Amino acid sequence: IAADLKLLHRYSDRVRTYTMQQNPQLSRLAQKEGLKAMAGAEIDKRLDNNEREIELLIAKARAYPDTITRVIVGNEVLFRNDLPPEQMMLYLDRVRAAVHQPVSIAEPDYIWLKYPELAQHVDFITIHLFPFWNGIARKDAVPAALGAYQQIRQRYPDKPVVVGEIGGPSNGDRHEYADPSVSNEAIFIR
């Protein structure tokens, strides 16, 4: 992990994590490398696991306040229907009360539109933009992603918006009008 972080630091000064338990030393290693981290807790249907993730997220955010600059409580939990929005709002409120860093949940743009009450329980909006999975052809993918981003910014003008994930696959099966390929992926990213 230390070698990977050193390599990543050549291209970025920030990393994002999705779980606290699987790589508990990542915060220390990121600090040593001079990286900032958006630390995430893995939240799903396993309630006992959620408790361990949240406790460790809070502990690491307190221990590494200069390295962990943002906190994510759950990744696509509502998209997967793992838990109801009300449970996620309780988790978000709990973490917000316990740490000094800004707190969010990471979800596709349309989840933020479906559950606007989430915005009252976060400090910033984290969206995932995947035109491919919406069946959009590569030629229309960038305008679709930018349009979704702008729609969220307009819907929540008082909240910073962070794109947590964006991209498309380099191979696999076609999805409606979207064709996965190395070239389509590269053109979209550029």
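Predicted model: local features only at pLDDT ≥ 70, side-chain atom pairs only at ≥ 80, totals over all residues.
**View 1. Ile 43 and the residues it touches.** Skip the neighbours within four places in sequence, and Ile 43 is still in contact with Asn 50, Ile 54, Val 73, Gly 74, Val 77, Arg 80, Asp 82, Leu 83, Met 88 and Tyr 91.

**View 2. The largest nonpolar core.** Here's Ile 43 again, this time as a member of a core of 47 residues. Together with Val 73, Met 88, Val 95, Trp 112 and Ile 125, Ile 43 touches the most other members. Which helix gives the most to this core? That's α4 (residues 85-98), which puts in six residues. There's also a second, separate core, made of five residues, with Ile 72, Ala 106, Phe 124 and Val 162 among them.

**View 3. Thr 67, a loop residue.** Look for Thr 67 in the loop between α3 (47-63) and β3 (68-75).

**View 4. The largest pocket.** This pocket holds about 150 Å³ of space. Its lining is made up of Glu 76, Phe 79, Pro 108, Asp 109, Tyr 110, His 128, Leu 129, Phe 130, Trp 133 and Asn 134. Two elements, α5 (109-114) and β5 (125-129), each give two or more residues to that lining. Sort the lining by class and you get six nonpolar, two polar and two charged residues.

Notes
Residues numbered from 1 in each chain as written. Heavy atoms only, no water. 1 Å grid on protein atoms, 1.4 Å probe; cavity = no way out; pocket = protein on both sides within 12 Å on 5 of 7 lines; lining within 4 Å. Points joined across faces, edges and corners; volume = space filled by probe spheres on them. Helix = DSSP H or I, 4+ residues; strand = E, 2+ residues; numbered from the N terminus. Nonpolar A, V, L, I, M, F, W, Y, C, P; charged D, E, K, R; others polar. Core = buried A, V, L, I, M, F, W, Y, C linked by side-chain atoms within 4.5 Å. Buried < 20%, exposed > 50% of the residue type's maximum accessible area, 1.4 Å probe, protein only. Contact = heavy atoms within 4.5 Å.
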